[in-house]
Amino acid sequence: MLRRDPPLLAKGIDLLAAAAELASELAVKDPTARGFTSAMAYLRLGQAQAESGNHAEATTNLQYAANALDVLVELTPEEDPDRGPTEHFLASALVSLGDSCQMLEHWEPATTALDRAIALRHRMTEQSPGEPFATWFLIKALQSKARLLEQVDKLDEATLSLNDALRNAQMLADLTADDEEWAEPAGDLLGVIQGDFGNLSALKGRTDDAIKHYEEALKYWEARHTRHPERPSGALLMQIGSSLTEILIEMGLDDRAQQVRRIVQETLDQQEDDKQT
């Protein structure tokens, strides 16, 4: 609810700012014990500011959090059980920092932050192979890097990053297919990346690849929306269907374009029927 209510978000940011200031004061008195608390307070504050669109202040606080967590990682021995969680939050701070730098078009610091985050996430997946959380966060970092590369018109490099994300997302979906907690989130992530890949392929003029990825995304979101019409998958279904229809018409494949429109409409109509009954 906090993310959808601007007044509540603003109030939350004020509270987080006060907590961060207090945590910082405590860290000065006891840097070893309170440093992590301070870093986490600034991380949450920066993420909330980014959510509100205030990326200038967000980058300042996220950089502070990343720097503090970086120091804590260096001070924590490899065998210490606290090192893993600290590295996790460092990587999270770096991804959030990279995303906010992107919004400000600060391309170099965005690249630096995201490259570091991806290196950390790759290391974590190597240390915990098959662990869903580690793979999930690696994919998210790769998605952020692909968006950055797309914005600076490095489409071939963006494809490499998105390929890595897609490969890991497929692996995550396969590994968690029978897991009640993970099967659907992993499938959703794979469906989103298929759509992203369709967009990137279309941007590169690779229409055959774009159609292939859009078709895969459409198939997933159609099934997903049929299973759970109450969840916000209809918008993604419409978005993918619209992109696929547009490219099919450009290629003169009008019959298939009409078929896609019909699939989307019938799926959404079924949702309305279910609501009425």
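Let me start with a term: a residue counts as partly exposed when its relative accessible area falls between the 20% limit for buried and the 50% limit for exposed. D179 has 31%, so it is partly exposed. Keep in mind that this is a predicted model.

Where does D179 sit? It lies in the loop between α7, residues 155-175, and α8, residues 183-203. D178, D179, E180 and E181 form a patch of negative charge on the surface.

E105 is in the loop between α4 and α5, which spans 107-127. Its phi is near 60 degrees, a positive value, and E105 is not a glycine. Why mention that? Most residues other than glycine have a negative phi. E105 has 55% relative accessibility, so it is exposed.

D153 gives us another case. Its phi is positive too, about 65 degrees, and again this is not a glycine. D153 belongs to the loop between α6, residues 132-151, and α7. With 60% relative accessibility, D153 is exposed.

Next, a pair of residues brought together by the fold. M103 is in helix α4, residues 83-103. H55 is in helix α3, residues 55-75. They are 48 residues apart in sequence, yet 7.0 Å apart in space, C-alpha to C-alpha. Which of H55's contacts lie beyond four places in sequence? They are A50, S100, M103 and L104. Buried or exposed, then? H55 is buried, because its relative accessibility is 14%. M103 is exposed, because its relative accessible area is 57%.

On to salt bridges. How many does the structure hold? There are 12. Let me pick out a few.

Start in helix α4. R83 and E87 meet through their side chains in a salt bridge, 3.3 Å from N to O. They are four residues apart, about one turn of that helix. Both are buried.

E87 has another partner. Its side chain also bridges to R123, at 2.6 Å, N to O. That pair links distant parts of the chain: E87 is in helix α4, R123 is in helix α5, and 36 residues separate them. E87 has a relative accessible area of 4%, so it is buried. R123 comes out at 24%, so it is partly exposed.

One last bridge. R206 and D209 meet at 2.8 Å, N to O. R206 is partly exposed, with 46% relative accessible area. D209 is partly exposed as well, at 24%.

Notes. Residues numbered from 1 in each chain as written. Predicted model: local features only at pLDDT ≥ 70, side-chain atom pairs only at ≥ 80, totals over all residues. Heavy atoms only, no water. Helix = DSSP H or I, 4+ residues; strand = E, 2+ residues; numbered from the N terminus. Buried < 20%, exposed > 50% of the residue type's maximum accessible area, 1.4 Å probe, protein only. Patch = residues over 30% accessible without salt bridge, like charges linked within 9 Å, V, L, I, M, F, W, Y side chains within 5 Å. Areas by Shrake-Rupley, 256 points an atom, 1.4 Å probe, with all protein chains shown as cover. Salt bridge = Lys/Arg side-chain N within 4 Å of Asp/Glu carboxyl O. Lys, Arg positive; Asp, Glu negative; His and termini not counted. Charge placed at Lys NZ, Arg CZ, Asp CG, Glu CD. Contact = heavy atoms within 4.5 Å.
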